[in-house]
Amino acid sequence: MTLAPERPAASATALAGRSTGPGPVPALVQPLDRAPAGRRWQHFDAAARETSAGRRLAAVRALAHDWRADFTASGRPDTVLTCDLVTLPYPTRYGLFRAAASPAPYLAITNRMVVVRWTDDDGTRRTLLFEPSDIDLGERTPFFQDLVASAGPAAGLLDRRLTTRHGRVLEHLRRLGIAPEEVDYLVFDHLHTQDVRRWLGTTAPQPDLAGLTGWPDAPLEPVFPNARLLVQREELEAMVDLHPFQRPWYQAGTFADVRPDAVVALDGDVALGPGVGVLSTPGHTVGNQSLVVHTSTGVWASSENAVSAECLVPEHSRIPGVARYARRWGQEVVLNSNTPEMLREQYDSMVKEKSVVDPSLRDPRFPQFFPSSELTAVRWSPGTRPTFIHGALGG
């Protein structure tokens, strides 16, 4: 983590004070019909209406078949590309929940951006960026700031040893020949660590970014002038007044001045184009969502509900402790949980993700679930080497 200039974290109260409109929803939230495209899927609504937790989980499994039939019939996108952004340390007790036997306090995860392009029925070319993390501003997240501060004089050494920056969003787009003006959608599975001010632009000056933008006395012009951020409404509502469990992981105050017409609030599962959409998968956060893509190898899903595909099939994991934990407690998934707000909901969402995807062609024991931040083998974290990695979505 680069030692960015430290600044006070914006309080949830300050963000709430700058919101208007009905209830706690910030002014930046726009209705779904402002999106250039989008059809809401209702396949899983029946599961949400179940009052019994066990019946709800069973319903999720049963309803996945009909959703898959609808989704695959819609076609496929033209292009799916994966771009590595950063490999960084992450607490083992979060990434592998209660299952890991490793003594290493941290494991490594690699955050990647997925570029999806398709053509609408009217011939319009669409471009979606999934997980286009501004890694420079993400380092200002309170959790990472505290990690750097706790390292003291050794912070620089730890940064060089534990963090690897592979490429930034705009560097990857230039390499792919995609102009920022061509981007229609920005999608994150959740908004932990994210600061999108440079991507979407602001309605007021941002003095704390003066060193990065050079324009402290004017609103930020958007890097992606035609893009809309698609985010679940619950995720936006949560940032209005964060719970103590949530505060270390969000930069909620950075959203206060984001251009309101650049944000679209989604309510559940939404189709965006042929073989492209998002599923509501609450758990890792209250508004977590998964990218779903239909490729030549079948259906894929991507989120950070799990750090490895084997966490959805722990019986096949060779990570010490994982398979034993699943057998002992009769659990079929191993959660990635750094904010223990919604453990049961996350379990159900991971079963939803597992139920809608196809098995990997490289090893059918593992599902085509692509963690948005995937467990990565590193020498400094013994006992956390993944059994299986995707490395890219769609291959």
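Over residues 1-25 of this predicted model, pLDDT (the predictor's confidence in each residue, from 0 to 100) stays under 50, and the model has 44 contacts beyond four places in sequence for this stretch, a contact being heavy atoms within 4.5 Å. Residues 31-36 also have a pLDDT below 50, with 13 contacts beyond near neighbours in sequence. The chain as a whole averages a pLDDT of 88, and 89% of the residues score at least 70. Because the model is predicted, local features need pLDDT of at least 70 and side-chain atom pairs count only at pLDDT 80 or more, whereas totals for chains, interfaces and linings use all residues. Residues are numbered from 1 along each chain as its sequence is written, and side-chain values use heavy atoms, with hydrogens and water left out.

Helix H6 spans residues 142-151, where helices (H or I, at least four residues) and strands (E, at least two) are DSSP runs numbered from the N terminus. Within H6, Phe143, Phe144, Gln145, Leu147 and Val148 are buried, that is, under 20% relative accessible area, against over 50% for exposed and partly exposed in between (1.4 Å probe, protein chains only). Just after H6, Gly152 takes a positive phi of about 60°.

The structure holds 12 aromatic pairs, for which rings of Phe, Tyr and Trp (its six-membered ring) must have centres within 6.5 Å, with planes under 30 degrees apart counted as stacked, over 60 as edge-to-face and the rest as tilted. One of them joins Phe144 and Trp249 edge-to-face, at 6.4 Å centre to centre and 85° between the planes. This pair links distant parts of the chain, since Phe144 belongs to helix H6 and Trp249 to the loop between helix H11 (233-240) and strand E8 (263-266), 105 residues apart. Both Phe144 and Trp249 are buried. The pair of Phe366 and Phe388 is stacked, because the ring centres are 4.7 Å apart and the planes lie at 5°. Phe366 lies in the loop between helix H13 (343-356) and strand E13 (373-376), and Phe388 in the segment after E13, so the pair ties together parts 22 residues apart in sequence. Phe366 is buried at a relative accessible area of 1%, and Phe388 is buried at 7%.

Phe144 and Trp249 also belong to one aromatic cluster with Tyr90, Tyr94 and Phe143. The charged end of Arg93 sits over the ring of Tyr94, 4.6 Å from its centre, the criterion being NZ of Lys or CZ of Arg within 6 Å of the ring centre and within 35 degrees of the ring normal. Lys352 lies over the face of Phe44, at 4.4 Å from the ring centre.
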